[in-house]
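This report is for a reader new to the structure. It should be read with the sequence and the model side by side.

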Amino acid sequence: MSLDAAGTSARTTRLGRALLRIAATALAGGLLSATMVRFSPGFGLDEKQLDARLSRESQEAVLRSHDQERNPLRFYAAWWKRVFAGDLGFSQSLNRPIRELLADRAPATLDLMLWGIAGAWVLAIVFSVPAVMRRLARLAAVSSLFSGMTASLPAAGIAILLFRMGISAKWMVALVLFPRLYQYLRNVLQQASGRPHVLLARAKGLRWQPLLWRHVLLPARAQLIALVAVSINMAFGAAVAIEAICDIPGLGQLAWKAAAARDLPVLVVLTVMIALVTQMSNLVADLSTPILRSQS
Amino acid sequence: MKAFLAKLDCGAGTRACRVETRLDAFRGLRTPRSKVPNTHAPRSKGIVRPKSVDTSVDAADTSVRATAVVVLALLTLACSAVAATGAQPGGELRFCLYSEPKTFNPLLVADTSSEAIRYMTAGVLIRVNRQTQELEPSLAVSWRVVSQGRGIAFKLRQHVAFSDGTPFSAEDVAYTMHTLFDPSLHAPTADSFHAGGAAVKIETPAADEVTLTFPTPVAGIERLFDQVGILSSKSPRKEMASLGPFYVAQYKPGSEVDLSRNPYYWKRDRQGLRLPRIDAVRLYIQQNRDMELIRFQRGDLNIMSAVSPELFDQLQARMPAAVRDLGPSLESEMMWFNQSPKAPLPAYKKLWFQSREFRRALSAAVNREDLCRLVYRGHAHPAEGPISPANRFWFNSGLKPHRYDPAEALALLGKAGFRLQDGQLYDAQSHAVEFSIVTNAGNQAREKIAQMIQQDLKAIGIRLNVVKLDYSAIIDRISQSLDYESCLLGLTNVDLDPDAQMNVWLSSASNHQWNPNQASPATPWEAEIDRLMQAQGSELNPARRKAYFDKVQEIVSQEVPFLYLVTKNALVAVSPSLQNADPSVLRPQAVWNIEMLALTQEVAKK
Amino acid sequence: MKAIRYLAATLLLALLLAALWPGALTRTPYDRQFRELPNAPVSRQFPLGTDELGRDRLSRLLYGTRVSLLAAPAAALLSTILAALVGGLAGFLGGWFDRAAVALIDLMLSLPWLFLLIIVRAMLPLNVPALVSVLLTFGLIGLLGWPSAARIVRAGCRTLRCSDLVLQARACGLPRGRVLLKHVLPNVRPILTAQFRASIPIYILAEANLGLLGLGVADPLPSWGNLLRPLESGLAPDWAAWAPLILMLVVVSCLYLTQSSKVVVQ
């Protein structure tokens, strides 16, 4: 009993510390991106600057509108204060509150991610389970080749190919995710199915289907949960990139537009969000499996 | 006569890439967040206002996606649940905006998309006919310029109402002008009047009369009112109440803007029937032009504006009846050298750029015909000066074309002390001639132009480094840090009158790109341009103003502060189902006569 | 599988040779514009036709391959060295340095670099010859690519630090630096080699992605990135225009195939 309690409290402390680290990383990431944007060429300027109709006073007014953002530290502190009051800030380049922008665009990104993750998992399972469980060397080779091929195309290249075939962007995310997921999944399965008792069962002539659930997937659940967490992270990265490239009105496109317009508040919000998602999914992976944790 | 608008544009926009995909694949799944409630105008007039059906576009897309669905049918689950028949509601005109509109307030418009929406929704006192380029009465039935060009008196149209039924009166015009000339507004439309901070006197002597008086004469004042959308002073809908043929019924950010027919629109056709003829306009926000082309070919869209030469040729092969090359537009491409003494460049490079012979030589070394032929597939013309031939009144037909002549270029360079040695050009102090040109990343036409200029200059021994930057970085370099050597950008003349180019030509102005914000003119020819521009600005006689500005164009052609490269043709595509279409080179090209446009029976019934 | 691996290696070697000596296959300079022959079809003079500006596609492809195939390993080397430094020291030293390094790695991994890169590009100097732009682009990619590798190196070093051999070495009184150089480094070398080889294809792809976004290697020097750009537009290009994509697919597949699957996983 007492041992258990001690274990739980140790785990809680570890979790607490990890959460603290995540918060610190997100905080620092936001500040870093704010500083980078602030000191990048083009900060505080606007396309309006080149509008010959504008008078000198109006040009100066455009320049002045970014005065609050000139000191990144002060801006960042003020921004967090407002965040706690429930206000994410205002995007000058898109002329709308950031909260509205996120609410409008998050569904597209989520949709892309969900379909991408589902597609990639289905593909990875279809390719890896029979190859590992039935030990089909040829299928394994073909799967490796296919995953290698998809891994070898740039995301933008995949986008071009699929667009020309008339295929939706969701599959692009799936194809970007698939090779990595496939490799992980195959390794997890191989490890699980290589255990002595599974080998013995196979040697005794048991079919692979009943083994799969009870002796392979169930014992590997921790790794599989970790894999789901990792795939969320990967899907987010892929979706954001593909949106930016493919003109889908999601968060990635928003980030691209914000970066092009040096929209400080939007970029800070997105950086903090991306940092949180990345770190949280890493944490889930770390907590659920010691194997993946060894890499952290 | 006034109001030209010179605006440097970034072409394909600030986005750096246009790889294509299915933007609309998500449209049906997103919650519409309309800022503008749908129940806008009273429904008592018996006008059918079709409600937009969200999934209609997805349905059509799904058919193309079918191949993917077959291959991966097991995996898609119900992703194509929206599959329907692709039916179009009756009388709906559809086309694309290429960027998100930044505002629906007609007075704050600064971007192209908002400008297009303003044209279709806002009522103006005077309209510039996009085909004849003449002024036409709109909400003002007549007007006259008073107080030696310092003022204008309007006689307003009576029995006109806003889209929500609120009656229109002189009070609304006065309210609009008060809002417009509020010094804290900083809108380009207001600044075009050059009224400065000084008060504009606004009087309403009668319910249908308004008089505006400015502190100084405003050249070409009438034309400026084409940009001033009239607001309602009383309507609870504020700036969303419109006097134009349509009103904004719904806005789904990132996806579309829906306009509905204004039942109170004042204009009638010859038979006395109320205009507009079309019930609704659906504007898709879509940056991807290839997707637009596919949808146009499918019949989803009725109009494509500012088509790229590649897509135009592709479409011409498939739908020859739909495409129209309208000839030179108001858009051109140009490059210039940084002549500012404040620029952080080596002194010898500043000497090159400040040398007239150097600039003229480089202008002669660029093969403009090849640019038109290879980059624009023949849909462009070599540019001669700041005013395109599309601008009928202000174009100076006397300007000599810039001939491509490398030999003359070398002769001019020789005169300025440069010498060619082993294929490399050196200046008088034996510096190898090498410089960079910045242009915006993502604009493929401009990138190709830069590469062609690179080869042209290599032929006379000059090494040119092409640098692609994002648009914000370019603005910073050309307007703030001045840390650049030469720049390649586009010039869009939205309006016709050169008075709005004041901030480009005056040596003291911030948009005097080659050497901005000068305390006093750096060269005699810039001083002369200053004088001529001031003179045309205070002159009321159009012929004399034209003479002044012709002289400006001649000086610019001689001194080459800007190397005008090509004038792009206006390329549009109009589906055969659209009747009365008469596209113009001026924006908004195919929809300038939107109230007259009609869809053929079959399409409307669908 | 072995046969496939050999085949891939041979193909890769042949391509590398062709890219190193493009003169053997084509005599046309990659930047020469035959302006009278834009979009020319496949012919004897132009085995892959010409592009919109009349440049020989084959020549551009070969030179582009050279750029991508030589610069990517250099960038991979840079990031591996950085990863070894940060990850190795963090794993071996532990303590505050380790914590700081982990924080830095986490921070680097959670920034949206794709978007920040356009800002980084805007900060670089303007007047650089095309060749320098190659170095800048790949240098940048290398500089940003180290954190994920550093994570793995650190994990490896940490395991080693508690290993018997290191404990014994330290117990014998060997100074720390010597332990690191003589005992730890040789043992993490397989991880480093694996990281190096795994980064090459990733960096080739990264440059191509940047090229598609209009950033990256400067004109007129070709790279796979800017060769892919014409494919973006809606024109249906002839098959020869797809050559860069196909070649890229083949090369990167070969790179993956020549590695054992464990490397890919890492």
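Predicted model: local features only at pLDDT ≥ 70, side-chain atom pairs only at ≥ 80, totals over all residues.

Residues are numbered from 1 along each chain as its sequence is written, and chains are lettered from A and ligands numbered from 1 in the order in which they are written.

Chain B has 18 helices and 22 strands; these are DSSP runs numbered from the N terminus, helices being H or I of at least four residues and strands E of at least two. Of its 606 residues, 56% count as buried, that is, with 20 or more other C-beta atoms, placed from the backbone, within 10 Å of their own. Residues are in contact if their C-beta atoms, placed from the backbone, lie within 7 Å. Among contacts in chain B between residues at least 6 apart in sequence, 72% join residues at least 24 apart.

Two helices of chain B pack at an angle of about 170 degrees, with their axes 8 Å apart.

| Helix | Residues |
|---|---|
| α10(B) | 356-365 |
| α12(B) | 406-415 |

α10(B) and α12(B) are therefore roughly antiparallel, a term for angles over 145 degrees. Among the residues making this contact are Phe358(B) and Leu362(B) of α10(B) and Leu412(B) of α12(B).

Chain C also touches chain B, with 23 residues from chain C and 33 residues from chain B in the contact.

Technical notes. Contact = placed C-beta atoms within 7 Å. Buried ≥ 20, exposed ≤ 12 C-beta atoms within 10 Å, placed from the backbone. Axes fitted to C-alpha atoms, helices over the stretch in contact; angles between N-to-C directions. Parallel < 35°, antiparallel > 145°, perpendicular 65-115°, else oblique.
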